[in-house]
Amino acid sequence: MVSIYQTIMRRAVSSSILRNPLRRYSPSFVFVESPFARCSLLGGSPLKSFLSTTLTTQTKGGDVVIKFPFSPTQAHAYASVLERAIFTKWSKKFLDAMPMPLGGEKVLDAACGTGATSREIAMRLGDEDRFSKVVGVDASEGMVSEARKKGREDEQKGAAPIEYIVSPMEEFTTTTTNNNTKEFDRAYCHQGAQFFSDRDRALANIHKSLKPGAHFNLAVWAPVKGQKLFEILRDCLIECGKEEWVPILLKPFSYAGDHESTSRVDGVDALETDLIKAGFENVDVVFERDTVRFDSLDEALKVISVAPFGVELMNDAKLFEKFTRKFKTKMLTEGSDVGDRERTNDDLSQRIKSGTDGGDEVVVTMMSFFAHCNKPWAAGGIQSSSFKC
Ligand SMILES: C[S@@+](CC[C@H](N)C(=O)[O-])C[C@H]1O[C@@H](n2cnc3c(N)ncnc32)[C@H](O)[C@@H]1O
């Protein structure tokens, strides 16, 4: 059922007061204090039960070993929230846009996380050729253990086998793999390169692990501007006095450097520069935009639980309540600063619809760069230049 609070906010959205473009920066707008809001936001929030089952759980051994950048609990939250809403869809989109993996290939998935891209590659490789194989590599034990769990849970019929390895890409060599996977025929890295502590070294290792002429496909999120969910989360942190967490929140959107000042052009330049420096050629970067969908506002709010500061934010009850209120208010109202005639697919009516479960379905736009390149053939050899082969 749609709560009274949501109904009130929906009505408020259509009012001309909230359409004032200045309201976003006006303290009087920041929150409409209402008893309905309080009971709707605090009473029996699904987020609360989510937190108690995931973020306070200890591992069997007693201690949670935090490996940068994802602890086991964050990895679990990632697998159940982010992968479902964002990464499964975007992994498919990424693979669709890049040259198709071919049966018989050995494919590297660098920074594989919980395996969304690895599983999709394995499906596309198929099981007809016994040499087909995917090797997923990630620095986080927690993420790899979720990937392995998922591999067992939804055993993929007709898919190539997947081997998962825990290793930072900065340390990765092909000797780390089982069964002497000497060199890869193809490599992917979906939304991981932003986090590499030594990007040059990590990209150089990917380059080294590939056969001459092999394709490498890399995806990184575009700068945050226009990616409303994360802009709203950023604004909520600032309004809650937690500016210091903003660069961490926006790390995934900061491939080219500073999270606020970089443009899309900077993003493309940075990708081209880094890939050429690592030894790749025929670099081609495309910009993609698509929506992601959460079942409800509570589900969208869970995104914050995956951030490195998520536990600290949620353990501070007062701060988290304030953050939650601001988040919901903004999600239900922003977008109305777009004039009627300028409304786009990203406007409020598109972003928040009444879901079939009675909650508010949240649909937000995300934007990414997809880069494609290849390792050169040996000097004097045939140059690979075909993008779609
Ligand atoms: C946003 S997740 C993306 C995961 C996966 N590619 C996907 O699309 O679902 C980023 C991943 O990069 C991994 N990562 C960060 N730094 C890394 C490094 N230096 N080497 C390998 N993996 C790294 C993290 O552990 C995390 O799993």
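A search of the whole structure finds 12 aromatic pairs. Here, rings of Phe, Tyr and Trp (its six-membered ring) pair if their centres lie within 6.5 Å; planes under 30 degrees apart are called stacked, those over 60 edge-to-face, and the rest tilted. One of these pairs joins F287 and F369, which are tilted at 55° between the planes and sit 5.9 Å apart, centre to centre. This pair links distant parts of the chain, 82 residues apart: F287 belongs to strand β6 (residues 281–294) and F369 to strand β8 (residues 360–374). Helices (H or I, at least four residues) and strands (E, at least two) are DSSP runs, numbered from the N terminus.

Before going on, please note that this is a predicted model, where local features need pLDDT of at least 70, side-chain atom pairs count only at pLDDT 80 or more, and totals for chains, interfaces and linings use all residues. Residues are numbered from 1 along each chain as its sequence is written, and side-chain values use heavy atoms, with hydrogens and water left out.

Is F369 buried or exposed? F369 is buried, with a relative accessible area of 2%, whereas F287 is partly exposed at 33%. Buried means under 20% relative accessible area, exposed over 50%, and partly exposed in between (1.4 Å probe, protein chains only).

Other rings form a cluster: ring pairs link Y78, F87, W90, F94, Y188, W221, F230, F253 and F370.

Now to the ligand. Of the 21 residues around the ligand, A111, D138, M169, E170 and H190 come nearest; a residue counts as near if one of its heavy atoms lies within 4 Å. This shell divides into 12 nonpolar, 7 polar and 2 charged residues. The table lists some polar contacts, meaning pairs of N or O atoms within 3.5 Å.

| Protein atom | Ligand atom | Distance |
|---|---|---|
| Y78, polar side-chain atom | oxygen | 2.9 Å |
| M169, polar backbone atom | nitrogen | 2.8 Å |
| H190, polar side-chain atom | oxygen | 2.7 Å |

Taken alone, the ligand exposes 590 Å², and the protein buries 97% of that. Such areas come from the Shrake-Rupley method with a 1.4 Å probe.

Finally, look at helix α6 (residues 116–125). Because 8 of its 10 residues are buried, α6 is largely enclosed by the rest of the structure. The buried residues of α6 are A116, T117, S118, R119, E120, I121, A122 and L125. After α6 comes G126, with a positive phi near 75°.

Key. A polar contact is a pair of N or O atoms within 3.5 Å; within protein, one must be able to donate a hydrogen and the other to accept it, and residues adjacent in sequence count only if both atoms are side-chain atoms. Ala, Val, Leu, Ile, Met, Phe, Trp, Tyr, Cys and Pro count as nonpolar, Asp, Glu, Lys and Arg as charged, and the others, Gly among them, as polar.
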